[in-house]
Amino acid sequence: MSWHVAALNLDNLGDLPKRCRNCVYWELSPQLADQTEGYGTTDLEKEAWLSEVLLEWGSCGRVVYVGGAPAGYVLFAPPASVPRATEMPTGPVSADAVLLTTMQVAPEFAGEGLGRALAQAVVKDLTRRGVKAVEAFGDARPGTESDCVVPADFLRSVGFKTVRPHHRWPRLRMELRSGLEWKSDVEAALEQLFNTVTIPMQTAAPRPTATPARAGSCQLSFVPPAETI
């Protein structure tokens with residue numbers, strides 16, 4: 001299966017499923033969302049919200065493509081940009097966290113690990129930007145599909161921990177590693193790599209003459225491990 005993850009922007013917003021492209025559950029307060037639905041302008045409001053967050057904060061979503069076709073997406077933003085968050089019974093979101101609002105994977109791609117890939121893409125992006133944590137409101141209803149709220153069981157399966165329990169809308173959190181920890185991991189990987197390099201022992205070189213002896217060389221062969229999702 002050939003797939004890749006791309007940043008969400010105004011150019012590929014239309015790759016979201018139609019019901020999600022026109023959904024403003026998180027992007028507007030409940031009152032404004034109802035009014036917008038009545039006017040039939042939810043798509044315009046969604047585009048305006050995305051444009052504003054991109055300009056003021058930066059990347060706030062990812063889309064995963066399989067064979068060039070959109071197969072799922074995830075949205076995340078600062079809590080101040082998510083009016084619905086103030087209405088949730090387990091709020092508010094912690095001041096040091098970014099809120100993961102929603103994630104969807106097309107039914108035909110369920111079980112392929114794409115949800116986990118999207119979660120990893122969010123973690124990687126936010127960690128590089130120095131964010132300390134990511135939080136999410138989960139849907140605790142067992143065996144149901146949530147259109148706008150990520151199932152709590154899925155969030156726990158990718159590393160989130162419950163910080164405020166609730167029978168329906170628990171708030172979950174994932175601590176993100178600091179940049180120094182990322183640097184430490186990279187240095188450790190490089191040290192391990194170089195420690196595996198074997199430089200062949202060379203015979204003693206003849207005494208220098210008018211023509212210098214040719215220096216020996218060593219070759220490094222590295223085969224990256226297969227990616228797991």
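1. Buried residues make up 38% of the 229 residues in the protein; buried here means under 20% relative accessible area, exposed means over 50%, and partly exposed is in between (1.4 Å probe, protein chains only). Keep in mind that this is a predicted model, where local features need pLDDT of at least 70 and side-chain atom pairs count only at pLDDT 80 or more, while totals for chains, interfaces and linings use all residues. Residues are numbered from 1 along each chain as its sequence is written, and side-chain values use heavy atoms, with hydrogens and water left out.

2. On to the overall layout. The protein has six helices and eight strands, taken from DSSP runs (H or I of at least four residues for helices, E of at least two for strands) and numbered from the N terminus. Starting at that end, the order of elements is β-α-α-α-β-β-β-α-β-β-α-β-β-α. Of the contacts with a separation of 6 or more, 68% are between residues 24 or more positions apart; a contact means heavy atoms within 4.5 Å.

3. The largest nonpolar core has 26 residues, where a core is a set of buried Ala, Val, Leu, Ile, Met, Phe, Trp, Tyr and Cys residues joined through side-chain atoms within 4.5 Å. Leu100, Met103, Leu126, Val134 and Phe160 have the most contacts inside it. Two or more residues come from each of strand E2 (61–66), strand E3 (69–77), E4, helix H4 (114–128), E5, helix H5 (152–157) and strand E8 (171–175). H4 gives the most, with five residues. Another core, of 25 residues, lies apart from this one and has Leu50, Val82, Val93 and Ala133 among its members. As background, nonpolar side chains tend to be buried together in soluble globular proteins.

4. What does leucine 126 touch, leaving aside its neighbours within four places in sequence? Leucine 126 is in contact with Trp57, Phe76, Val98, Val131, Val134 and Leu176.

5. Have a look at the rings next. There are three aromatic pairs, counting rings of Phe, Tyr and Trp (its six-membered ring) with centres within 6.5 Å; planes under 30 degrees apart are stacked, over 60 edge-to-face, and the rest tilted. Tyrosine 25 and tryptophan 26 are edge-to-face because their planes sit at 85 degrees, with ring centres 5.3 Å apart. Tryptophan 26 is also stacked with phenylalanine 137, at 6.1 Å centre to centre and 15 degrees between the planes. Tryptophan 26 is in the loop between helix H1 (18–21) and helix H2 (30–39), and phenylalanine 137 is in strand E5 (residues 133–139), so this pair ties together parts 111 residues apart in sequence. Tyr25, Trp26 and Phe137 form one aromatic cluster.

6. Tyrosine 25, at 22% relative accessibility, counts as partly exposed. Arginine 84 lies over the face of tyrosine 25, 3.9 Å from the ring centre; the rule asks for NZ of Lys or CZ of Arg within 6 Å of the ring centre and within 35 degrees of the ring normal. Arginine 129 lies over the face of tryptophan 57, at 4.0 Å from the ring centre.

7. Finally, glutamine 104. Glutamine 104 lies in strand E4 (residues 97–105) and is buried, with a relative accessible area of 10%. Its side chain makes a polar contact with the side chain of arginine 19 (3.0 Å); such a contact is a pair of N or O atoms within 3.5 Å, and within protein one must be able to donate a hydrogen and the other to accept it, with residues adjacent in sequence counting only if both atoms are side-chain atoms.
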